[in-house]
Amino acid sequence: ADLLDAPSTTVDSLLRSDALGNLQELEFSCFEQPPPVSIFRFSPTLRVVTIGCSNLPDSTVQGIHFPLLKQLGLEFVCISECSLHSLIASCPALESLLIHRSFGFPCIQINSLSLKSVGLDSYAVWENNPVALQLQELIISNAPCLERLLLLHQETGLHISVIVAPKLETIGFLSDGYYECSQDHLYRLAFGSTVILGLHVDNLEMVVRTVKILAIQMKALCLDTVIDLLTCFPCLEKLYIKVMILHRKLNYSFDLFLFSSG
């Protein structure tokens, strides 16, 4: 639902209609305004929710509970770190979480027994805005069912710590950044004491055997870098490589498929 031009009374009347009593999927945007409280009356039945272009103050998030929600997407949403964690915790059946170009929280901590897929990006917010905190850290403290970690568009550095994720099989995109990126803009991915900075294995204390599928983005194809990554993920079965050739204004991508001998 696009709530930009509709009068608030019309929107509220629509949301309170008995015809929507068993609503299971909801997508709405409020264009930087808090959503009407009545929109959350569907929380007991919703299974898919996408919130876009909205401001979610603490008072709005407090007390919300989505017992059946499987998929949650936040796109261009302003929300505090405390409220974001509260929102995730209010979804005990959540399997898929997408956070795209959202801000207000420097850190996300994942502690979910049901989550299977996480997708997010590091979004460079505008300057001189005190509430526009950008994401700096992702901590996967306890995610026993997590299978996919999808790192989307990269504009700033992001520190990712994977502590407990025994079923994590898919990671992408790891990247060595764009041509203008410094090391401060690279993703830092840590599995315990093993650290990958961009595409460089900075510290290899233990190998990660659960990962079967890896997607990477490179400025130029470098086999030494690829081989270095393979030492970190010895059970890899599929490797997707996207090579960026920006000076020619071309974008090449190709796939490599690696099959384990076992």
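Predicted model: local features only at pLDDT ≥ 70, side-chain atom pairs only at ≥ 80, totals over all residues.

Helices (H or I, at least four residues) and strands (E, at least two) are DSSP runs, numbered from the N terminus. Residues are numbered from 1 along each chain as its sequence is written, and side-chain values use heavy atoms, with hydrogens and water left out.

**Entry 1**

I looked up Phe 76 and found it in strand β3 (residues 71-79). Its phi is positive, about 55°, although Phe 76 is not a glycine. For exposure I use relative accessible area: buried is under 20%, exposed over 50%, partly exposed in between (1.4 Å probe, protein chains only). Phe 76 comes out at 39%, so I log it as partly exposed.

Cys 53 also has a positive phi, about 50°, and is not a glycine either. It sits in strand β2, and β2 covers 48-56. With a relative accessible area of 27%, Cys 53 is partly exposed.

Then the peptide bonds: the one from Gly 172 to Phe 173 is cis, with omega near -15°. Phe 173 belongs to strand β10 (residues 170-175).

**Entry 2: aromatic pairs**

How many aromatic pairs does a search of the whole structure find? I got three. The rule I use: rings of Phe, Tyr and Trp (its six-membered ring) pair if their centres lie within 6.5 Å; planes under 30 degrees apart are stacked, over 60 edge-to-face, the rest tilted.

Phe 28 and Phe 40 have ring centres 6.4 Å apart and planes at 85°, so I file this pair as edge-to-face. The two are 12 residues apart, with Phe 28 in strand β1 (residues 25-33) and Phe 40 in the loop between β1 and β2. Phe 28 is buried at 2% relative accessible area; Phe 40 counts as buried too, at 15%. Ring pairs also bring in Phe 66, giving a cluster of Phe 28, Phe 40 and Phe 66.

Phe 191 and Phe 233 make another edge-to-face pair, because their planes are at 85°, with the centres 6.2 Å apart. Phe 191 is in strand β11 (residues 187-191) and Phe 233 in the loop between α4 (223-232) and β15 (238-245), so this pair ties together parts 42 residues apart in sequence. Both Phe 191 and Phe 233 are buried.

**Entry 3: a look at Leu 204**

Leu 204 is in the loop between β13 (200-203) and β14 (213-218) and is partly exposed at 39% relative accessibility. Setting aside residues up to four places away in sequence, it touches Thr 194, Thr 231 and Cys 232; contact means heavy atoms within 4.5 Å.

**Entry 4: the core**

A nonpolar core here is a set of buried Ala, Val, Leu, Ile, Met, Phe, Trp, Tyr and Cys residues joined through side-chain atoms within 4.5 Å. The largest one has 66 residues, and Ile 216 and Phe 233 have the most contacts inside it. Strand β3 gives the largest share, four residues. Domain 1 (20-93) and domain 2 (106-123 + 133-261) both contribute, so the core lies between them; these bounds come from an automatic or database domain assignment.

Which residues does Ile 216 contact, leaving aside neighbours within four places in sequence? My list includes Phe 173, Leu 174, Leu 199, Val 226 and Tyr 240.

**Entry 5: strand pairing**

Two strands pair if DSSP finds at least two bridges between them. Strands β6 (residues 117-122) and β8 (residues 148-154) run parallel and are joined by five bridges, with Ser 122 opposite Gln 154. β8 is also parallel to β10, through three bridges, and there Arg 148 faces Thr 170.

**Entry 6: salt bridges**

I count a salt bridge when a side-chain nitrogen of Lys or Arg is within 4 Å of a carboxyl oxygen of Asp or Glu. The structure holds two. Lys 70 bridges to Glu 95, with the closest N and O atoms 3.6 Å apart. Lys 70 is in the loop between α2 (58-61) and β3, Glu 95 in the loop between α3 (81-89) and β4 (96-100), so parts 25 residues apart in sequence are tied together. Glu 147 pairs with Arg 148 at 3.4 Å between the closest N and O atoms.
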